[in-house]
Amino acid sequence: MPGKTLLFVVQQHHATHMHWDFRLEMDGVLVSWAVPKGPSIRPSEKRLAIRVEDHVYGYKDFEGVIPGNDYGSGKVIIWDRGEYKPKDVDPECNLHDKWLSGGVLEFTLYGSKLKGDWVLVKTKKRLYGEDSWLLIKKNDSYAGSGNIVEMCPNSVLSGKTVDQINEEDGLFDPKNYEKSIPDSG
Ligand code: MN
């Protein structure tokens, strides 16, 4: 029986500060981290990843403009997307309880840009008074020496760079992304 497949997406988000939102599907929602410098395929570069609120699963398809004047307003592209496999854990179990809460997430990505083995590890110190993690590429055949966010800036959906996006590509409406799971917290 083939195992359940899980999705990951990385959305580049030009808000007040440029960042890349790294999201892993767990238990029907997208557990999310904001990565200020974006992922690195160099195993020596540990990238700060600040855990942010879970997003509804349907947000995986959002590319466009978030209107307004708050910190999240700005342009978004689907920078990478694909399946992922968690290591040493059944994808059908409660991943929040059995995996995420342990603070060390090892997984394999099957994206267009990001591939191979990765780890997200929660830091002991709360670097910014927040939920701080490090996103690290494991040393395998998909590791490299280049700067992947500079080498591959285009959306895997539209081919546009984040600054080429406009409202015709999509306009964020919170009504489309309300929580779909009651009592999910
Ligand atoms: Mn964001």
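The manganese ion is coordinated by ND1 of H13, NE2 of H19 and OD of D21, at 2.2 to 2.3 Å. Donors are N, O and S atoms within 2.8 Å of the metal (3.2 Å for Na, K and Ca); water is not among the atoms, so sites may look incomplete. Along the chain, the donors of the manganese ion follow the spacing H-x5-H-x1-D. Both histidines, H13 and H19, are buried, where buried denotes a relative accessible area under 20%, exposed one over 50%, and partly exposed a value in between (1.4 Å probe, protein chains only).

The structure is a predicted model, in which local features need pLDDT of at least 70 and side-chain atom pairs count only at pLDDT 80 or more, whereas totals for chains, interfaces and linings use all residues. Residues are numbered from 1 along each chain as its sequence is written, and side-chain values use heavy atoms, with hydrogens and water left out.

The protein chain contains two helices and nine strands, assigned as DSSP runs numbered from the N terminus (helices: H or I, at least four residues; strands: E, at least two). From the N terminus on, the order of elements is β-β-β-β-β-β-α-β-β-β-α.

For the 185 residues of the protein chain, a compact globule would have a radius of gyration near 16 Å, and the value of 16 Å for the chain agrees with this. The radius is taken over C-alpha atoms, and the globule rule is 2.2 Å times the number of residues to the power 0.38. Along the principal axes, the C-alpha atoms fill a box of roughly 45 × 40 × 40 Å. Of the 185 residues, 45% count as buried. Among contacts (heavy atoms within 4.5 Å) between residues at least 6 apart in sequence, 60% join residues at least 24 apart.

The accessible surface of the protein chain comes to about 9800 Å², 50% of which belongs to carbon and sulfur atoms; the areas come from the Shrake-Rupley method with a 1.4 Å probe, and for residues only the protein chains shown count as cover.

Two individual residues were also examined. V56 lies in strand β4 (residues 47-56) and counts as buried because its relative accessibility is 14%. V56 and E83, 27 residues apart in sequence, have a C-alpha to C-alpha separation of 17 Å. D173 is found in the segment after α2 (148-151) and is partly exposed, with a relative accessible area of 24%. D173 and V65 are 108 residues apart in sequence and 9.6 Å apart in space, C-alpha to C-alpha.
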